[in-house]
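Please read it alongside the sequence and the coordinates shown here.

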Amino acid sequence: MEEKEKLHQALVSRVLEGDGRASRAERRAAFDNATLTEPIHGLVSKVAKHPTQITDDDVAAVKAAGLSEDQIFELVVCAALGQATRQYRSALAALTIAVGDGGL
Amino acid sequence: MRLEILNSGYTFGTKVLFAFIQLASRQPVPDAAKLVFYRADFYGDPMKNITHEAMRGPSTWSVGDRELMAAFVSKVNACEFCIGAHTATAIGAYHDEARVAAVLSNLETAPIEEPLRATLRMLQKLTREHSVEAADMHGLLDAGVSREQIEDALAVCFAFNTTNRLADAFGFFVPGPEGFESGAQYLLSRGYK
């Protein structure tokens with residue numbers, strides 16, 4: 001595996017599988033933009049798909065629902081990494097097919 | 001920033017480091033730098049490793065090309081902080097403001113090499129639509145972009161699709177031109193480690 005892919009994998013493994021203040025299941029769900037309870041689900045979805053639309057109120061609502069700032073920090077990081085990772089993997093897979101098609 | 005821990009939740013040693021950076025640069029420590037120092041074992045350290053490798057590691061793309069990709073991806077994502085930071089850094093790396101401005105205003109008419117243009121076009125599609133197809137990659141290979149160059153550009157794209165999201169979610173403070181220039185000088189002399 002290429003060096004950058006190894007470093008990418010190390011980053012993803014750390015945030016999903018290492019120690020954290022949010023549970024591993026919650027971090028995985030945020031990474032996958034999968035089902036979480038509201039209001040954290042709304043914030044995670046915006047991080048993945050509409051980050052410029054995030055407001056102070058979105059973050060305040062998650063705090064008011066009882067999540068700690070460290071938990072919010074982790075879940076937002078996971079959501080951002082998840083979306084960027086889906087893009088990255090899609091492109092690397094497309095590249096592998098294209099290179100293979102070329103008979104290389 | 002929207003989380004108080006990212007404004008003030010640092011260890012004594014990190015606070016001292018921030019004070020030195022602020023004294024030396026005569027600018028507040030950029031929020032992008034603060035973010036990677038917060039509980040650095042969780043995100044900052046492993047993210048710095050891949051970002052530094054993507055932006056400064058071995059590649060046939062120049063540092064200027066890669067900073068331009070970072071600025072361009074940030075433009076596609078409309079991330080104000082990262083556009084400012086990496087436009088300034090790309091200009092500094094190339095010593096060519098017109099080239100960077102031309103790409104950011106109109107990729108299709110900018111006077112740049114065709115392999116770079118084709119690569120930026122693919123990064124634009126990937127960033128907007130979140131996926132690309134083998135046909136897109138065939139087009140790039142046909143345009144003379146090597147497999148390694150595509151992989152290198154994808155790592156830059158990954159790093160900035162992550163950072164753009166965090167800048168917007170956490171609400172990074174957007175400095176003025178002096179702040180961006182100071183940050184650019186730092187990134188050009190020290191990289192992302």
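The model is a predicted one, and in it B:Phe18 has its place in helix H2 of chain B, which covers residues 12-25. The C-alpha atom of B:Phe18 is separated by 25 Å from that of B:Ala54, a residue 36 positions away along the chain.

Is B:Leu166 buried or exposed? B:Leu166 counts as buried, because 29 C-beta neighbours lie inside 10 Å, where 20 or more are enough. B:Leu166 is placed in helix H10 of chain B, residues 147-170. Leaving aside neighbours within four places in sequence, B:Leu166 is in contact with A:Val76, A:Val77 and A:Ala80 of chain A, as well as with B:Leu35 of chain B. B:Leu107, which is 59 residues from B:Leu166 along the chain, has its C-alpha atom 26 Å from that of B:Leu166.

**The two chains**

Chain B contains eleven helices and zero strands. Its radius of gyration is 17 Å, close to the 16 Å that the globule rule gives for 193 residues, so chain B is as compact as a globular protein of that length. Chain A, for its part, contains five helices and zero strands. The table sets out further values for each chain.

| Chain B | roughly 55 × 30 × 30 Å | 44% of 193 residues | 71% |

**Helix H6 of chain B**

Helix H6 of chain B has 15 residues, 80-94, and should span 21 Å at 1.5 Å a residue; the end C-alpha atoms are 21 Å apart, which agrees with that expectation. Because 13 of the 15 residues of H6(B) are buried, this helix is largely enclosed by the rest of the structure. After H6(B) comes B:His95, which has a positive phi, near 55 degrees.

**Contact between the chains**

Which residues build the contact between the chains? Chain B contributes 37 residues and chain A contributes 40 residues. On the side of chain B that touches chain A, at least two residues each come from helix H1 (4-8), helix H4 (44-56), helix H9 (134-142) and H10. H10(B) gives the most to this side, with 14 residues. Sorted by class, the side of chain B that touches chain A holds 21 nonpolar, seven polar and nine charged residues.

**The largest nonpolar core**

In soluble globular proteins, nonpolar side chains tend to be buried together. In this model the largest nonpolar core has 88 residues, and those that touch the most other members are A:Val76, A:Ala79, B:Met69, B:Val156 and B:Cys157. Helix H5 of chain A, residues 69-101, gives the most to this core, with 16 residues. If residues up to four places away in sequence are not counted, B:Cys157 touches A:Gln87 in chain A and, in chain B, B:Met69, B:Val73, B:Leu123, B:Leu126 and B:Thr127.

Conventions:
Residues are numbered from 1 along each chain as its sequence is written. Chains are lettered from A and ligands numbered from 1 in the order in which they are written. This is a predicted model: local features need pLDDT of at least 70, side-chain atom pairs count only at pLDDT 80 or more; totals for chains, interfaces and linings use all residues. Helices (H or I, at least four residues) and strands (E, at least two) are DSSP runs, numbered from the N terminus. The radius of gyration is taken over C-alpha atoms; the globule rule is 2.2 Å times the number of residues to the power 0.38. A residue is buried if 20 or more other C-beta atoms lie within 10 Å of its own, exposed if 12 or fewer, and partly exposed in between; C-beta atoms are placed from the backbone. Two residues are in contact if their C-beta atoms, placed from the backbone, lie within 7 Å. The expected span of a helix is 1.5 Å times one less than its number of residues. Ala, Val, Leu, Ile, Met, Phe, Trp, Tyr, Cys and Pro count as nonpolar, Asp, Glu, Lys and Arg as charged, and the others, Gly among them, as polar. A nonpolar core is a set of buried Ala, Val, Leu, Ile, Met, Phe, Trp, Tyr and Cys residues joined through C-beta atoms within 7 Å.
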